[in-house]
Amino acid sequence: MTKATSTATETVETDAGTARITWHPAKKARLVLAVSHGAGGGIEARDLKALAEVLPAHGVTVARVEQPWRVAGKKLAPAPKTLDVGWRGIWPALAGPGLPVISGGRSAGARVACRTATELGAHAVLALSFPLHPPGKPEKSRADELLGSGVPTLVVQGGNDPFGKPEEFPAGSHELVEVPYGDHGFAVPKRAEISQDEAVALITDAVLEWTGSLG
């Protein structure tokens, strides 16, 4: 599979501070997929890296977004409202190419994408490792955020994600793809019936098929 190599970095001033976008452009782009990181990691996460490597060859420009707190070198994410402020501030740059924008992210980034999709005019939402509830606390459900996205939504969830296993998700208009054995970071144990590379390929294949189905 052809992988993109060219990248460009852009800083964006938001009301929450300076954010950063790493662009992975497609030559004949028809969509922009913007993906942000979780509350404890960055854009080097295996799923975000894989999407940036694979999708541009298929007409999808990928923008990996670092929230202001991450750019500032802080180790803990701020409150959800502040994350939303940062995402809103980044959005004009994401929409700049004039293409439909899929709002996406992993974990906390997926929550931000769901909460702001309708308001920002997102074409669709990609929710990677959506944190349906805190580990061990299924009663503290965040399902309303997912169900309220208001746009076509794809959830990609690890089979052993302590923040919500695929079977825990409520019925809704979203699509859900399971990565067997995967944890919250889509890591699979060595004893698993699929390799780590196969697990990552499941993610990129699912997102490729889904983006191809979007009008």
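User: Which residues is Phe186 in contact with, leaving aside its neighbours within four places in sequence?

Analyst: Contact means heavy atoms within 4.5 Å. With those neighbours set aside, the partners of Phe186 are Arg46, Asp47, Arg106, Leu128, Ser129, Val156, Gln157, Gly158, Val179, Gln196, Ala199 and Ile203. This is a predicted model, in which local features need pLDDT of at least 70 and side-chain atom pairs count only at pLDDT 80 or more, while totals for chains, interfaces and linings use all residues. Residues are numbered from 1 along each chain as its sequence is written, and side-chain values use heavy atoms, with hydrogens and water left out.

User: Where is the place of Phe186?

Analyst: Helices (H or I, at least four residues) and strands (E, at least two) are DSSP runs, numbered from the N terminus. Phe186 sits in the loop between β8 (175-179) and α6. Its C-alpha atom is separated by 8.3 Å from that of Gln196, 10 residues apart along the chain.

User: Does Phe186 count as buried or exposed, and why?

Analyst: Buried means under 20% relative accessible area, exposed over 50%, and partly exposed in between (1.4 Å probe, protein chains only). Phe186 counts as buried because its relative accessibility is 0%. Of the 215 residues of the chain, 51% count as buried.

User: Which residues of helix α1 are buried, and what covers them?

Analyst: Helix α1 covers residues 46-54, and Asp47, Leu48, Ala50, Leu51, Ala52 and Val54 are buried there. Their cover includes the strands β2 (17-24), β3 (31-36), β4 (60-66), β5 (101-106) and β6 (124-128), together with helix α6 (196-213).

User: How many helices and strands are in the chain, and what pattern does the chain follow?

Analyst: The chain has six helices and eight strands. Along the sequence they run β-β-β-α-β-α-α-β-α-β-α-β-β-α. Among contacts with a separation of 6 or more, 62% come from residues 24 or more positions apart.

User: What radius of gyration does the chain have, and what would a compact globule have?

Analyst: The radius is taken over C-alpha atoms, and the globule rule is 2.2 Å times the number of residues to the power 0.38. A compact globule with 215 residues would have a radius near 17 Å, and the chain agrees, at 16 Å. The C-alpha trace spans about 40 × 40 × 35 Å along its principal axes.

User: Which residues does UniProt list for a domain?

Analyst: UniProt positions are given in the numbering used here, with feature names shortened, and annotations may be inferred rather than shown by experiment. The unreviewed entry lists residues 29-210 as "domain: KANL3/Tex30 alpha/beta hydrolase-like". That span is 34% helix and 19% strand, and its end C-alpha atoms lie 16 Å apart.
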